[in-house]
Amino acid sequence: MTTYDAIGATYRQTRRPDPRIAAQIHAALGDAATVINVGAGTGSYEPPHTVLAVEPSPVMIAQRPAGSARALRATAESIPLADDSADAVMALLTVHHWTDLEAGIGELLRIARRRVAILTWDQTVQRGFWLLDEYLPEVAAFDDTRAVAIDRLTALLPGARTETVPVPHDCTDGFGAAFWRRPEAYLDPEVRAGMSMFAMTDEAVTRPGLARLSDDLSHGRWHERHADLLDRASLDVGYRLVIADL
């Protein structure tokens, strides 16, 4: 919660839901008539039939649009709702912030009647993302400590299946690897302010790598090294949907 109380003030400026990712998330929820969003933040990707948002940060709750689902201030590890409260429960880019993964997953399973859908990332894939691999290995090392392994999630969600979530080259949602074809964006402090990997890493740690990126961009070295990316419409940078039917 402390992280998003800090970065949440400008969150909606750079974290606008991408319609292509939204379509995949909504498809993962299936034909659920009622949905609860856990770790809901400002409400990104909530389908119209969302009946409740569970979110610990008042800064994030305050930015939820008018007309969105009612927000309950609570943590994933202890949700004050009855069993089987909704057809489906979704939890998007949130599990890495939980203090007790097993407790949180247990709560999702308890309040969902039919399906759980979790958006997260595979650190073994994302570690190879050029920003982390070439410029910010310290951030990659930090993410090693907080990323939730996909096999750990699937072990807690028996029968779960995993889908790759490709990131479009013009993705409107400014999460960590969203700018894989737009490297200049990582030099923008406002863009970085909406990413927890920067918010939770001391600026003194990231400054040298960002300076190298700036220099490589100004001299054309980044574009030479990553010419293969420039015509790609989308890229697998490790984001995954983990879906479990109950």
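Visitor: Against which elements do the buried residues of helix 8 pack?
Guide: In this predicted model, helix 8 has V139, A140, D143 and R146 as buried residues. The partners against which the buried residues of helix 8 pack are strand 5, helix 6 (123–126), helix 7, helix 11 and helix 12.

Visitor: Why do the buried residues of helix 8 lie on the same side?
Guide: The residues concerned are V139, A140, D143 and R146, each buried in helix 8. They lie on the same side of helix 8 because the arc they cover around the axis is only 120°.

Visitor: Which residues have the most contacts inside the largest nonpolar core?
Guide: Elements that each supply at least two residues of this core include helix 3 (19–28), strand 4 (86–92), strand 5 (112–121) and helix 8 (137–146). Another core, of 26 residues, lies apart from it, with W98 and I111 among its members. The largest core itself has 48 residues, and those with the most contacts inside it are F129, W130, L131, Y186 and Y239.

Visitor: Is L93 buried or exposed?
Guide: L93 is found in the loop between strand 4 and helix 5 (101–111). Its phi is positive, about 45°, although L93 is not a glycine. Buried means under 20% relative accessible area. The relative accessible area of L93 is 17%, so L93 is buried.

Visitor: What is the relative accessibility of D84?
Guide: D84 is placed in the loop between strand 3 (71–72) and strand 4. D84 has a positive phi of about 55° and is not a glycine. D84 counts as partly exposed, because its relative accessibility is 40%.

Note on methods:
Residues are numbered from 1 along each chain as its sequence is written. This is a predicted model: local features need pLDDT of at least 70, side-chain atom pairs count only at pLDDT 80 or more; totals for chains, interfaces and linings use all residues. Side-chain values use heavy atoms; hydrogens and water are left out. A nonpolar core is a set of buried Ala, Val, Leu, Ile, Met, Phe, Trp, Tyr and Cys residues joined through side-chain atoms within 4.5 Å. Buried means under 20% relative accessible area, exposed over 50%, partly exposed in between (1.4 Å probe, protein chains only). Helices (H or I, at least four residues) and strands (E, at least two) are DSSP runs, numbered from the N terminus. The arc is that of the directions from the helix axis to the C-beta atoms. Contact means heavy atoms within 4.5 Å.
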